[in-house]
Protein chains: 2
Amino acid sequence: MVAAGASGPVVVTGGAGAIGAVLVRALLAEGRPVRVIDNLSGGRPEHLAGVADDPRLTFVRSDLADPDHYEEQFRGASEVWHLAANADIQKGTADPGIDLREGLLNAFRVMEAARRHGVRRLLFSSSSVVYGRPSVFPTPEGYGPLLPQSIYGASKLSVEAFLSAFAHSYGLKTYLFRFANIIGPFMTHGVIYDFFGKLQRDPNRLEVLGDGRQAKSYLRSEDCVAGMLFVRDHADEPVNVFNLGARDRISVREIAERVVAIHGGRARIEYTGGERGWVGDVPQQLLDIAKVERLGWTPALTSAAAVDRTIAELARERGIGR
Amino acid sequence: MVAAGASGPVVVTGGAGAIGAVLVRALLAEGRPVRVIDNLSGGRPEHLAGVADDPRLTFVRSDLADPDHYEEQFRGASEVWHLAANADIQKGTADPGIDLREGLLNAFRVMEAARRHGVRRLLFSSSSVVYGRPSVFPTPEGYGPLLPQSIYGASKLSVEAFLSAFAHSYGLKTYLFRFANIIGPFMTHGVIYDFFGKLQRDPNRLEVLGDGRQAKSYLRSEDCVAGMLFVRDHADEPVNVFNLGARDRISVREIAERVVAIHGGRARIEYTGGERGWVGDVPQQLLDIAKVERLGWTPALTSAAAVDRTIAELARERGIGR
């Protein structure tokens, strides 16, 4: 169901990224003109293959640091989905300026452009990392204090804070989606992707960062996008904060074993040890999704099923089979 | 009591401001070299009268946007107190770039300078406004979700988020102090100061923004500084979040009546109406201070006593008496 408000052109920043490409297809399927802004630093044009020729799709290659280059896309837009950001947590630890600039400053530019053009809705891909290392599992949206472990997490929480203030100060509506680990087609990073890469380089050995007991919930990008569209159509507060994840979690060890199995099962799994995989990692993540479920939406796949589907897809894509 | 760790030179940004000037005196009283960095946009040199000639005090007039101009002050410093920021919430609503730049970006520069110079402790003047409009009173540090109402509040929460990430990523310790309304000497804004100004312009009429039922807790700056020093000496987590306020609150109506009384009682009080004084205002504020009290510190004055003392001081300063 698409609510009355869900019409008019849509801007998607990061629309050529792994989640953006799924979202863009869903928005086109709603019949809406979609304007993608992407600098292709993480996104790839081929992620939009099949819809690239759709006359309702506009693609603008631009860095968000350069509003003169893209701001006209905001004219007449009824909603803006801000997905563009650095997606590599470890890169942000090495240079905290990256998440400041690509996380917060670019988001601020998008907010200002949206405000100037009277955009009614701003939707943002936040993350479970805003919770830092929570003491409550599953973690509800009302959890505090919010003490991020990584610079990436700090940038996500900062954007949330400014979006909340923009909503209360200037009257636009904002949607803050706190994602579990999102997996699916178009992936260019993440644990499953990394394991495939490592086994390609050395089929006999899989090095796993940490002790393998890190356990998180995983959501397919199709589920993630479906959840966001549902919330957009059914929640209408000035600020709408929603966790999006699965009800279960799966450990890194289990993922490693499944990836090794599909590669023929001969690789030895070696753990580097330690409870977390890297500085800034949050070893345990499980979001409380009762709020979105009360609204009427639930993810189709469990974490385990989402991981299995993603492993199977990646194996098929690369010609790997049992 | 000063813990073993509290020695060595100290940097205070915003050290010529209303809270900074009280803090600088307290740090000098600890016997420590104090390096003040202040652009004098809000602070005033006369706030440091009486200590300006202390040989242990270094004053650097510099904007924080210009690290080349002040970063050498971080050399050898054992702790950095970051107090400099825009203090006018309404200014931030009119131009959100102000709190982005003077709030977050300057704080980020301070964090980076502290990191480069191996500073062990970073202490920050956050605010109750990070709680947005909480549903729980008194509001504890663990309250969530954190949805600031103002751009100023967003900048405070953003700085908290980056400080948390810096602590976890780079090993320095951070102290996040969430202030109630701080009042005392050296004030250049705030409700009491404003009421005195209005009565000076028109002794027969006092306009009060909102319906007067806004009620908040108030803390004298001397109490605030004593609380911060106590927490610094007794809390040692990577991230130390503490509310600092009084146990009671006082309404704007009561403050208006007290200010009118000390002016002779003849001014008519007129309320503009509405539950909040301005866009971005949080009409009800009462912080839960059980955490700092458990640590062993409690403010000397109630909100009512702090307000009374401040009114009396300001009246004496301006030659106003009953």
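Colleague: How far apart are the end C-alpha atoms of α4(A)?
Modeller: They are 29 Å apart. At 1.5 Å a residue, its 21 residues should span 30 Å, so the two values agree. The expected span is 1.5 Å times one less than the number of residues. Helices (H or I, at least four residues) and strands (E, at least two) are DSSP runs, numbered from the N terminus.

Colleague: Where do these numbers come from?
Modeller: This is a predicted model: local features need pLDDT of at least 70, side-chain atom pairs count only at pLDDT 80 or more, and totals for chains, interfaces and linings use all residues. Residues are numbered from 1 along each chain as its sequence is written, while chains are lettered from A and ligands numbered from 1 in the order in which they are written.

Colleague: Back to α4(A). Which residue with a positive phi follows α4(A)?
Modeller: A:Gly118. Its phi is near 65°.

Colleague: What about A:Leu40? What is its phi?
Modeller: Near 60°. That is a positive value in a residue other than glycine. A:Leu40 sits in the loop between β2 (34-38) and β3 of chain A.

Colleague: Now the sheet in chain A. What is its strand order?
Modeller: The order is β3-β2-β1-β4-β5-β6-β11. Seven strands make up this open sheet, and the pairing is parallel. Two strands pair if DSSP finds at least two bridges between them.

Colleague: Which strands are at the edges in chain A?
Modeller: β3 (57-61) and β11 of chain A. Each of them pairs on one side only. Neighbouring strands in this sheet are turned by 15° against each other on average, direction ignored. Angles here run from 0 to 180 degrees between N-to-C directions, and axes are lines fitted to C-alpha atoms, for helices over the stretch in contact.

Colleague: How many bridges link β5 and β6 of chain A?
Modeller: Seven. Strand β5 covers residues 121-127 and strand β6 covers residues 173-179, and they pair in the parallel sense. A:Arg121 stands opposite A:Lys173 in β6(A).

Colleague: Which strands does α5(A) lie across?
Modeller: β5, β6 and β11 of chain A. The helix runs at about 155° to β5(A).

Colleague: What kind of peptide bond joins A:Gly144 and A:Pro145?
Modeller: A cis one, with omega about -5°. A:Pro145 is in the loop between β5 and α5 of chain A. In chain B, a cis peptide bond joins B:Gly144 and B:Pro145, with omega about -5°. B:Pro145 lies in the loop between β5 and α5 (151-170) of chain B.

Colleague: On to the meeting of the chains. How many residues does each chain give to the contact?
Modeller: Chain A gives 30 residues and chain B gives 30 residues. Two residues are in contact if their C-beta atoms, placed from the backbone, lie within 7 Å.

Colleague: Which element gives the largest share on the chain A side?
Modeller: α5(A), with eleven residues. The elements giving two or more residues to that side are α4 (96-116), α5 (151-170) and β11 (239-244) of chain A.

Colleague: How do the residues on that side divide by type?
Modeller: Into 17 nonpolar, twelve polar and one charged. Ala, Val, Leu, Ile, Met, Phe, Trp, Tyr, Cys and Pro count as nonpolar, Asp, Glu, Lys and Arg as charged, and the others, Gly among them, as polar.

Colleague: Switch to chain B. At what angle do α6(B) and α8(B) cross?
Modeller: Roughly 45°. Helix α6 (residues 191-201) and helix α8 (residues 252-262) of chain B have axes that come within 10 Å. That makes α6(B) oblique to α8(B). Angles under 35 degrees count as roughly parallel, over 145 as roughly antiparallel, 65 to 115 as roughly perpendicular and the rest as oblique.

Colleague: Which residues in α6(B) meet α8(B)?
Modeller: B:Val191, B:Ile192, B:Phe195, B:Phe196 and B:Leu199. Their counterparts in α8(B) are B:Val252, B:Ile255, B:Ala256 and B:Val259. The residues of this contact divide into nine nonpolar, no polar and no charged.
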